[in-house]
Amino acid sequence: MKRSVANALPPAVVAVLALAAWEAVVRLRHIPEYLLPGPLRIAAALRDDWPVLFPSLLQTLAITGEALLAAAVLGAGLAVLLIQAKWIERSLFPFAVILQVTPLVAIAPLLLIWIKDVRLALVLCAFLVAFFPVAANTTLGLQSADHHLLDLMRLYGSSRWKVLRFVRLPSALPYFLGGLRISGGLALIGAVVAEFVAGTGGAASGLAYRILEAGYTLQIPRMFAALTLLAGSGVLLYALLSGLSYLLLRRWHESAVRRENRQT
Amino acid sequence: MLPVPPLKPVVRLHQVTKRFAGGTEALAGIDLAVAPGELLALLGPSGCGKSTALRLMAGLAEPTTGSVERLLPATHAVGFVFQEPTLMPWATVEDNVALPLKLLGLPRAEIRLRVEERLERLGLEGFARAYPRQLSGGMKMRVSIARALAARPRLLLLDEPFAALDEITRWRLNDELLDLWRAEGLAVVFVTHSVYESAYLATRIAVLSARPGRIVGEIAVDAPAPRGADYRGSEDYLRTCRAVSTKLAEALEKS
């Protein structure tokens, strides 16, 4: 507990100092709030606009969460499919790469045209960017299983399914979780970018919609308040996924094992 | 050459040649039969294909020419111990040892019983819930041996299992292996590049030459069963070591 406080202190000090400097500059230079609101003004907007912003936050988080869940399930699923045979990997993996390297802003308008349900289109956009890290990392993990352990499974005449369950999946878990951590942030970005593309015409009203709307009506403090919520969500998501990773790996994986005295 | 073992062998290599995809010839014309209950050491310089011979016996590799006959019940009749402990880092000691039994699909209660018995046998009782990373090299190797023996195999294959351990641990594990071998009455094939280890453990030593591996000689070791510290200092032991060394030197000259 003491250690976590000590760890949190330096960034907290930096944050307070930066915010104080920001507030001071805004006040001393009399910068109008439609150009740059100070942190206190943004906090006030956050409080006053909470009834508008909170449902939007939930909306964005729901889209992010659904996309991430789909990315986790389908990404891991694709990885399992890819390692079944070299020819499957060779025939499918390039397309996963193509999907990954095509910018979301370029695909999103098409998806929004093709799919009537705007919300579904947004989830699909967020899923498309979140999908690849999970799939690629899990594939790598499944292929990195200790080959002696694989030999052992062969010695015991184990079926493909048993090899997967007893050796390959556990070996891939750290890789999967690493991919998921990247995908979490990407899913959030995907959800926001897609909503920007959908514009104010979109029926779904997430935080991106609020930012656009506030921009059009020059409610800059509200815009910053929405931005703050987005950044906070990203950090929270990352923390949650890191926590999940720690919980699952702390007993055995080098990345999560705590050492008392840095010795083996 | 020794007379053919009187009992029906558990595994027999007949005129086995193994060439790898790259063109390297690992083994050339190996004839070797493992009798039930014997402790056979495969001794040779590194790169002589001893590990390959072991993998062929296990069925983990196929010979290029010749045949490998396994006269054993289908699966789980062979236990294999690799050079490294090769444990599953995500599983506890007991789960690692239980792996072959789980793969057999035995009932949970029976698995627990058998695992307990194996852990006790190898002095691992207090470590059932420990993870491999918490164990020393010698302990990890014990877990690996316990796992190989979990399904009560008829043939135990060990591929330089103690090469990475310190001498004291290695001697101790040598003695434990002898105890296990005597108690279980199984056939053991043991790959090593240590003359002393082979002379201490084996009832028969097959010396291989390097590249391609060929059996250049076989030496029977008739020293009586309870071999221990006394045996290590005995005239018998030294004589065996000398005989084995001479054969090994011949093997090196030939290659």
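Author: Two strands pair if DSSP finds at least two bridges between them. Helices (H or I, at least four residues) and strands (E, at least two) are DSSP runs, numbered from the N terminus. This is a predicted model, in which local features need pLDDT of at least 70 and side-chain atom pairs count only at pLDDT 80 or more, while totals for chains, interfaces and linings use all residues. Residues are numbered from 1 along each chain as its sequence is written, and chains are lettered from A and ligands numbered from 1 in the order in which they are written.

Reader: How do you know that strand 3 of chain B pairs with strand 7 of chain B?
Author: Five bridges join strand 3 to strand 7 (residues 187-192) of chain B, and at least two are required, so the two strands count as paired. They run parallel, and B:Leu42 stands opposite B:Val191 of strand 7 of chain B.

Reader: What joins strand 3 of chain B to strand 8 of chain B?
Author: Four bridges link strand 3 to strand 8 (residues 204-209) of chain B, again in parallel. There, B:Ala41 has B:Ile205 as its bridge partner.

Reader: Why is strand 3 of chain B called mostly covered?
Author: A residue is buried if 20 or more other C-beta atoms lie within 10 Å of its own, exposed if 12 or fewer, and partly exposed in between, with C-beta atoms placed from the backbone. In strand 3 (residues 39-43) of chain B, five of the five residues are buried, hence the wording. B:Leu39, B:Ala41 and B:Leu43 point one way, B:Leu40 and B:Leu42 the other. In a regular strand the side chains alternate between the two faces of the sheet.

Reader: What makes strand 5 and strand 9 of chain B edge strands?
Author: The open sheet has six strands in the order 5-6-7-3-8-9 (chain B), with mixed pairing. Strand 5 (78-81) and strand 9 (214-220) of chain B each pair on one side only.

Reader: How many residues of chain A are in contact with chain B?
Author: Two residues are in contact if their C-beta atoms, placed from the backbone, lie within 7 Å. By that test, 16 residues of chain A are in contact with 17 residues of chain B. On the side of chain A that touches chain B, helix 7 (147-155) and helix 8 (160-198) of chain A each supply at least two residues. The largest share, six residues, comes from helix 7 of chain A.
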